[in-house]
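Let's take a friendly walk through a protein model together. Have a look at the picture first, and then we will go through it piece by piece.

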Amino acid sequence: MRVLLDENIDRLLKGLFDQNLEVSTVRERGWHGRTNGDLLRAAEQEFDAFVTMDRNLEFQQNLKSLRLGVVILRATSNAYAAVAPLMPQLNEVLRSIEPGMVRHVPA
């Protein structure tokens with residue numbers, strides 16, 4: 001499974017994803033600064049899941065029509081220390097996410 005991390009996710013978290021996941025960041029792809037709609041259209045061409053902390057995304061975009069799943073992380077901040085404890089649940093969600101699904105972590 002190919003996973004794309006939004007700009008607001010600490011890239012150092014890549015090491016905490018399950019080994020069977022291929023994880024890239026928006027910046028690594030050269031997609032930083034794109035609008036959400038443009039970013040999601042590009043992502044659905046190459047990725048199976050998109051991970052973000054943008055809580056407004058699901059109200060601004062029609063995520064259920066995408067050919068990738070979206071996971072919205074809910075933490076007190078986007079700092080590594082705040083997000084790292086959510087990684088076991090995130091990895092579990094990614095094992096079962098399907099196109100058009102929107103999941104929240106923690107649920």
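A residue is called buried if its relative accessible area is under 20%, exposed if the value is over 50%, and partly exposed in between (1.4 Å probe, protein chains only). Keep that in mind as we go. What you see is a predicted model, in which local features need pLDDT of at least 70 and side-chain atom pairs count only at pLDDT 80 or more, while totals for chains, interfaces and linings use all residues. Residues are numbered from 1 along each chain as its sequence is written, and side-chain values use heavy atoms, with hydrogens and water left out.

Let's begin with the sheet. Helices (H or I, at least four residues) and strands (E, at least two) are DSSP runs, numbered from the N terminus, and two strands pair if DSSP finds at least two bridges between them. In general, strands of a sheet pair through backbone hydrogen bonds, either parallel or antiparallel. Here, five strands form an open sheet in the order S2-S1-S3-S4-S5, and the pairing is parallel. At the edges are strand S2 (22–25) and strand S5 (102–105), each of which pairs on one side only. From one strand to the next, the twist averages 25°; such angles run from 0 to 180 degrees between N-to-C directions, with axes that are lines fitted to C-alpha atoms, for helices over the stretch in contact.

Now follow the pairs. Four bridges link strand S1 (residues 2–5) with S2 in the parallel sense, and Val3 has Val23 in S2 as its bridge partner. Also in strand S2 is Ser24. Is Ser24 buried or exposed? Ser24 counts as buried because its relative accessibility is 12%. Apart from neighbours within four places in sequence, Ser24 is in contact (heavy atoms within 4.5 Å) with Val3, Leu4, Leu5, Arg29 and Phe47.

Strand S4 has parallel partners in S3, through four bridges, and in S5, through four bridges. Val70 of S4 is the bridge partner of Phe50 and stands opposite Val102 in S5. S4 is mostly covered, with five of its five residues buried. Gly69, Val71 and Leu73 point one way, Val70 and Ile72 point the other way, and all are buried.

Next comes a helix. Helix H5 (residues 87–96) lies across S1, strand S3 (49–52), strand S4 (69–73) and S5, and runs at about 165° to S5. Ser96 belongs to helix H5, and with a relative accessible area of 38% Ser96 is partly exposed. Beyond its neighbours within four places in sequence, Ser96 is in contact with Met101 and Arg103. How far apart are Ser96 and Gly69 in space? Their C-alpha atoms are 9.6 Å apart, although 27 residues separate them in sequence.

Let's finish with two more stops. Leu16 sits in the loop between S1 and S2, and Leu16 counts as partly exposed because its relative accessibility is 32%. The last stop is a peptide bond. Most residues other than glycine have a negative phi, and most peptide bonds are trans. The bond from Val105 to Pro106, however, is cis, with omega near -5°, and Pro106 is found in the segment after S5.
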